[in-house]
Amino acid sequence: GTRMQLKGWPLLSPRAAPFDVAGAVNKSTSIKSGDTEIRLELSDFRPFNIEDLAANDAAGSRVETASVSKKIIDQLGSAAADHSKKDLRNVGPSFQYRLRDAQGQAREFSNYMLPLLLDGAWYLLTGVRATPNESFRYMRLPLDADGSVDSHMRLRALLLDERVWPEIARRFARNAVAGSAVSAQLRGRLTESAERVLQLFAVRGLDSVVQFLEKAIPAADREKAADAYIKVLEGVALEALQLSRERAKLPPAPFDEQTLRLVRDSLISISDSYFYGAPVYLQLLQYEEVKASGLQLTRSPGKNIVYGGSLLLVLGVFAMLYIRERRLWVLVKPAQGRVLLAMATNRQTLENEREFERHQAALADAVKG
């Protein structure tokens, strides 16, 4: 019954605006992503989470890479985790939910409310898994200097909006050759290359860049080509960031290491979102926790039969222990004038021998009579 206020960020529709969602645990509601309506099922809420922040591999990038992409990931990715160290902290509230489509297929997600400091930068983490037997795989959403995810989302919207690609490419070409005496033809080629990189990145992020390099570039030249594509991609992303701040009536971002880190992390996050499997990211804004305990009552119509069978089972055990089983045979042979007597028991005791002698004497008296 815990009530939550969520903010939905569309991931597949860059022109769609974020929207508010209200829900409660163990209840479901419908949300729309573009023309698609999906079912939101809130399943769990945890006010506290103790996590090992040294194990960063669980929250790392999961972009599917090929051999040539190692150069790209080395430049854009984060360092590997040191499993010999542990850093246990309470990282705050989290909630779990399922998104179910019209065909009834669902994926489960786990989102943290508060940002986590990983590899020297702050991120919001959102996990996804296809079945309950799997572990959550996490995607990082980078935060800006104000601790907000808005800059990343604005940058994402522009990088995936084909309407603004020409403007971003022109800005990149103009700033790339600023102060240099280059021809208009060369600037035009640089603009076309920047726009082509944006088109390529919008297909499936870094994965499509890697596939293009493997198909179009010989193996001997791939490393140089990867460096060139990454520089262009970072450049156009930086121009897109400045354009997004300009449209939001914000001052330009300073050209420093923090801004470059935000751009690189955003490129990785956008690439990861193609494997996220959801059209929307839900951010927890506030909650009203409901603490409760419950009793589960059941009704068993066949309980009397079960109890009767249990009683018979107990009686049978005692009968096996305390009741002696004895069997007596008498075989009469009239032709020979003989009578044979036999007796068997499950426990051999002296009482059995005396009882057999009594039966033998009684049978002999009956034969004589």
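Predicted model: local features only at pLDDT ≥ 70, side-chain atom pairs only at ≥ 80, totals over all residues.

Q: Which residues line the largest cavity?

A: Leu238, Phe255, Asp256, Thr259 and Leu260. By class, that lining has three nonpolar, one polar and one charged residues.

Q: Switching to helices. At what angle do α3 and α4 pack?

A: Helix α3 covers residues 165-176 and helix α4 covers residues 184-204; they pack at an angle of about 135 degrees, and their axes are 8 Å apart. That angle makes α3 oblique to α4.

Q: Is that crossing left-handed or right-handed?

A: The crossing of α3 and α4 is right-handed. On the α3 side the contact includes Trp165, Ile168 and Phe172, and among the α4 residues in it are Leu190, Ala194 and Leu198.

Q: And how do the residues of that α3 and α4 contact divide by class?

A: They split into 11 nonpolar, two polar and three charged.

Q: What about α2 and α6, how do they cross?

A: Helix α2 (residues 150-159) and helix α6 (residues 222-247) cross at roughly 115 degrees, with axes that come within 9 Å. The two are therefore roughly perpendicular to each other, and their crossing is right-handed.

Q: Which residues make the contact there?

A: From α2, it's Ser151, Arg154, Leu155, Leu158 and Leu159. The α6 side includes Val236, Ala240, Leu243 and Arg247. Sorted by class, the contact of α2 with α6 has eight nonpolar, two polar and three charged residues.

Q: Last pair: where do the axes of α5 and α6 come, and at what angle do they cross?

A: Helix α5 spans residues 206-216, and the axes of α5 and α6 come within 10 Å, crossing at roughly 145 degrees. This crossing is right-handed.

Q: Who's touching whom in that one?

A: α5 brings Leu206, Phe212, Leu213 and Glu214, while α6 brings Arg222, Ala225, Ala226, Tyr229 and Leu233.

Q: How many polar residues are in the α5 and α6 contact?

A: None: the contact of α5 with α6 has seven nonpolar, no polar and two charged residues.

Terms used. Residues numbered from 1 in each chain as written. Heavy atoms only, no water. 1 Å grid on protein atoms, 1.4 Å probe; cavity = no way out; pocket = protein on both sides within 12 Å on 5 of 7 lines; lining within 4 Å. Nonpolar A, V, L, I, M, F, W, Y, C, P; charged D, E, K, R; others polar. Axes fitted to C-alpha atoms, helices over the stretch in contact; angles between N-to-C directions. Helix = DSSP H or I, 4+ residues; strand = E, 2+ residues; numbered from the N terminus. Parallel < 35°, antiparallel > 145°, perpendicular 65-115°, else oblique. Left-handed = near helix turned anticlockwise from the far one by under 90°. Contact = heavy atoms within 4.5 Å.
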